[in-house]
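Subject: The structure we talked about

Hi there,

Here is the structure I promised to pass on. Please have it open while you read the notes below.

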Amino acid sequence: MKGVENDEQGHVLFGYDGTAENDTALRWAIEEARLRGLDLVMCHCWHWPYPEEYEDPHGEAVMRRVGENLLECGTRRARELGATGAVRGRLVRGPARGALLRESREAQLSVIGAPGRLDEGAGVLELAAGASRPVIVVKDGTGPRRVVAGADGTTWCDPALGFAAAEAALRGWELRVVYACWEPAAVDAEELGLFHDRELLEKTRAAELEAAVAPWRQRYPGLDIRVSLLLEPPLAALFDAADDAGLLVLGDRGAGIARLGSTSTAVLRHARRAVAIVPARRD
């Protein structure tokens with residue numbers, strides 16, 4: 001779409017497991033690749049479940065061939081679902097959570113499907129936490145034609161806002177930026193006084209929100225960007241926002257550990273549609 005720049009090389013990485021439930025996320029990955037003009041790489045991970053010292057060349061060859069056949073079916077399925085650009089299969093050995101994390105370093109972004117209960121999908125949370133590029137976790141690919149991004153008034157959220165603005169522009173959706181600022185336990189001591197003056201708190205945080213959004217208004221002048229300053233706790237606001245979005249975008253500060261913050265984890269578990277986790281750090 002005009003006005004959207006593709007500043008990076010790479011591809012869209014999709015974690016493929018061969019199930020019918022994977023189709024929803026695959027459709028999303030196909031659309032990301034089309035909009036961004038990138039190849040789609042469908043990655044399937046196979047894992048030898050026995051100790052390293054146990055050798056069975058025939059058994060390993062069979063498992064590899066099963067994976068190759070599954071990827072061949074996957075590329076055909078991608079074509080059936082509308083993929084028009086290059087689609088490549090990539091077979092990787094190792095447990096899925098670690099293998100996908102390694103493969104994601106070469107991708108512009110990764111797309112994965114979420115299990116029905118995300119507390120059963122530890123690999124999904126680990127990939128979202130450890131990746132140095134954006135990860136989109138898809139449960140239901142339908143929803144309002146709206147990207148919603150969470151802001152926190154710091155520069156840590158800039159990559160997430162940039163990703164959200166680009167995504168909205170690519171899709172022709174509106175962008176809503178939500179800043180829920182009632183979080184006294186998370187501010188420095190010199191700012192605690194703001195919570196005794198709601199008018200001053202609202203004025204201060206509104207200025208921060210506008211400053212955060214201003215660069216993206218300038219970069220995408222045709223994009224419909226709306227801001228919402230909410231005097232309520234972030235988690236409650238993001239829960240509501242997740243139900244009002246086709247895609248919810250959250251920033252992750254990347255503390256150097258393979259674990260998301262409690263807010264991002266809770267939103268991922270709660271959200272019914274698609275959630276993008278955008279790291280502040282980069283390789």
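Let me start with helix α5, residues 158-171: its 14 residues reach 20 Å from the first C-alpha to the last, close to the 20 Å expected at 1.5 Å a residue. (The expected span is 1.5 Å times one less than the number of residues; helices are DSSP runs of H or I with at least four residues, strands are runs of E with at least two, and both are numbered from the N terminus.)

A word on the source: this is a predicted model, in which local features need pLDDT of at least 70 and side-chain atom pairs count only at pLDDT 80 or more, while totals for chains, interfaces and linings use all residues. Residues are numbered from 1 along each chain as its sequence is written, and side-chain values use heavy atoms, leaving out hydrogens and water.

Back to α5. Twelve of its 14 residues are buried, so the helix is largely enclosed by the rest of the structure. Buried here means under 20% relative accessible area, exposed means over 50%, and partly exposed is in between (1.4 Å probe, protein chains only). Among the buried residues are Phe163, Glu167 and Arg171. After α5 comes Gly172, with a positive phi near 70°.

Next, the sheet. It is open, has ten strands with mixed pairing, and runs in the order β3-β2-β1-β4-β5-β10-β9-β6-β7-β8. Its edge strands, β3 (87-93) and β8 (225-230), each pair on one side only. From one strand to the next the twist averages 25°. Two strands pair if DSSP finds at least two bridges between them. For example, β1 (residues 11-15) and β2 (residues 39-46) run parallel and are joined by five bridges, with Phe14 partnered by Met42 of β2.

Strand β10 (residues 274-279) is worth a look: six of its six residues are buried. In a regular strand the side chains alternate between the two faces of the sheet. In β10 both faces are covered, with Ala274, Ala276 and Val278 buried on one side and Val275, Ile277 and Pro279 on the other. Strand β5 (residues 135-138) runs antiparallel to β10 and is joined to it by four bridges, and Val138 stands opposite Ala274. Strand β9 (residues 247-252) pairs with β10 in the parallel sense over six bridges; there the partner of Leu247 is Ala274.

Ser110, in β4 (residues 109-113), is buried at a relative accessible area of 2%. Gly251, in β9, is partly exposed at 30%. Gly251 and Pro279 are 28 residues apart in sequence, yet their C-alpha atoms are 5.8 Å apart. Leaving aside neighbours within four places in sequence, Gly251 is in contact (heavy atoms within 4.5 Å) with Ala160, Ser264 and Val278.

Finally, how do α7 and α8 pack? Helix α7 (residues 234-243) and helix α8 (residues 262-270) meet at an angle of about 30°, with axes 10 Å apart. The axes are lines fitted to C-alpha atoms, for helices over the stretch in contact, and angles run from 0 to 180 degrees between N-to-C directions.

Best wishes
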